[in-house]
Amino acid sequence: MIKPVVFKKTLEGKSNANLITFSDGRDYVVKFFQQGFEKTLANEWVAYCLARYLGLPVPYARLVEIPQEFSSKVPELAQMSVTQYQFASVYVPDSFDGHQVTSIGKMTNHHSLAAIIVFDYWLSNRDRTRKNILLHEEEPNGYHLWIIDQAEIFGSYNWNLAEIENLPAEIMKSATHQIMASFIEDEQDFFEQIEIIQTLPIHLLEEIVALIPDDWEVTREERKALVSALVTRRKKILPELMHRFIKKIYRQLQVKEK
Ligand SMILES: Nc1ncnc2c1ncn2[C@@H]1O[C@H](COP(=O)(O)OP(=O)(O)OP(=O)(O)O)[C@@H](O)[C@H]1O
Ligand SMILES: [Mg+2]
């Protein structure tokens with residue numbers, strides 16, 4: 001397993017994510033377990049595994065261990081709780097968030113954009129803000145979009161059993177989804193993604209959830225509820241939501257552009 005080598009800084013935001021260089025020579029954004037934000041790490045893990053399987057543009061991530069002998073020498077980490085594993089995603093250098101880039105000529109990975117919106121609705125991610133995408137300029141005024149920060153899927157970073165059994169089925173206000181939608185060329189992209197999600201093997205969903213580390217405080221009951229939320233939502237709720245999104249948001253943007 002890779003080992004932490006140099007602590008660089010704590011990043012802005014409520015997760016208190018830390019930028020740390022590891023023994024593989026790469027910089028990772030590391031999130032620790034925090035009281036009050038108990039489901040952050042489990043949410044990140046589940047979303048990451050699904051996003052990776054679906055081929056979405058999510059930075060490569062893994063579980064890491066931060067030994068006591070490392071964190072005890074870093075004042076910023078001294079207060080952090082000591083679960084065995086932390087969630088680490090590779091830092092994307094030279095990128096901007098959605099506030100920093102005011103005009104985008106082209107999205108170089110526009111084929112992934114509908115897939116991201118469908119994914120956010122499937123998982124009930126209410127936090128796709130402009131801060132939770134990264135834009136990397138690959139050609140003049142042409143950006144590759146990455147998704148980061150899946151800490152608030154399933155409605156929140158500290159959901160409970162009752163909440164996960166009753167996730168919202170409403171259109172979410174997200175300026176970022178609108179920006180993404182304006183670059184989607186074919187409505188069919190949405191339907192293709194729904195079908196891919198509907199045909200993911202249930203065993204894969206179960207396995208991803210089973211691999212949530214034990215000390216991240218997700219009970220057996222909650223794990224079952226997670227899988228069932230994923231399975232229930234993809235059947236009827238997701239297609240209905242996407243039909244509404246296409247009608248209310250996607251098509252309106254297309255009309256405006258013409
Ligand atoms: N993989 C990454 N590459 C580059 N920068 C990143 C990456 N992950 C996170 N960041 C930066 O760190 C900030 C905090 O990370 P993140 O959004 O995951 O956590 P957060 O603290 O929960 O944020 P928020 O308070 O917006 O919910 C991001 O806004 C971004 O600027
Ligand atoms: Mg964020």
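**A walk through the model**

Modeller: Let us begin with a hairpin: S7 and S8 form it with two residues between them, and Asn 141 in the turn has a positive phi of about 65 degrees. Strands here are DSSP runs of E with at least two residues, helices are runs of H or I with at least four residues, and both are numbered from the N terminus. Two strands pair if DSSP finds at least two bridges between them.

Biologist: Before we go on, what kind of model is this, and how are the residues numbered?

Modeller: It is a predicted model, in which local features need pLDDT of at least 70 and side-chain atom pairs count only at pLDDT 80 or more, while totals for chains, interfaces and linings use all residues. Residues are numbered from 1 along each chain as its sequence is written, and chains are lettered from A and ligands numbered from 1 in the order in which they are written.

Biologist: What is the strand order of the open sheet?

Modeller: The order is S6-S8-S7, in an open sheet of three strands with mixed pairing. Strand S6 (106-107) and strand S7 (133-139) are the edge strands, each pairing on one side only.

Biologist: And how many bridges link S6 and S8?

Modeller: Two bridges link S6 to strand S8 (residues 142-147), in the parallel sense. Lys 106 has Gly 142 in S8 as its bridge partner, and Met 107 stands opposite Tyr 143 in S8.

Biologist: Now the whole chain. How many helices and strands does it have?

Modeller: The chain has nine helices and eight strands. Its C-alpha atoms fill a box of roughly 60 × 45 × 25 Å along the principal axes. Buried residues make up 37% of the 258 residues; a residue is buried if 20 or more other C-beta atoms lie within 10 Å of its own, exposed if 12 or fewer, and partly exposed in between, with C-beta atoms placed from the backbone.

Biologist: Which domains is the chain divided into?

Modeller: The division is into domain 1 (4-90) and domain 2 (106-257), with bounds from an automatic or database domain assignment. Their centres, taken over C-alpha atoms, are separated by 22 Å. The contact takes 28 residues from domain 1 and 30 residues from domain 2, where two residues are in contact if their C-beta atoms, placed from the backbone, lie within 7 Å.

Biologist: Which element gives the largest share of the domain 1 side?

Modeller: Helix H1 (residues 40-54) does, with 14 residues. The side of domain 1 that touches domain 2 has 19 nonpolar, six polar and three charged residues. Here Ala, Val, Leu, Ile, Met, Phe, Trp, Tyr, Cys and Pro count as nonpolar, Asp, Glu, Lys and Arg as charged, and the others, Gly among them, as polar.

Biologist: Where does ligand 1 lie?

Modeller: Both domain 1 (4-90) and domain 2 (106-257) give residues to the shell around ligand 1, so the ligand lies between them. The shell has 20 residues, and the closest are Leu 11, Gly 13, Ser 15, Val 92 and Asp 149; a residue is near a molecule if its C-beta atom, placed from the backbone, lies within 6 Å of it. The shell divides into ten nonpolar, five polar and five charged residues.

Biologist: Is Asp 149 buried or exposed?

Modeller: Asp 149 is buried, because it has 24 C-beta neighbours inside 10 Å. The residue is found in the loop between S8 and helix H5 (161-164), and its phi is positive, about 65 degrees, although it is not a glycine.

Biologist: Then Ser 124: where does it lie?

Modeller: Ser 124 lies in the loop between helix H4 (113-123) and S7. Its phi is also positive, near 55 degrees.

Biologist: Finally, Met 180. Which residues is it in contact with?

Modeller: Leaving aside neighbours within four places in sequence, Met 180 is in contact with Leu 113, Ile 116 and Ile 117. Met 180 lies in helix H6 (residues 175-181) and counts as buried because it has 25 C-beta neighbours inside 10 Å.
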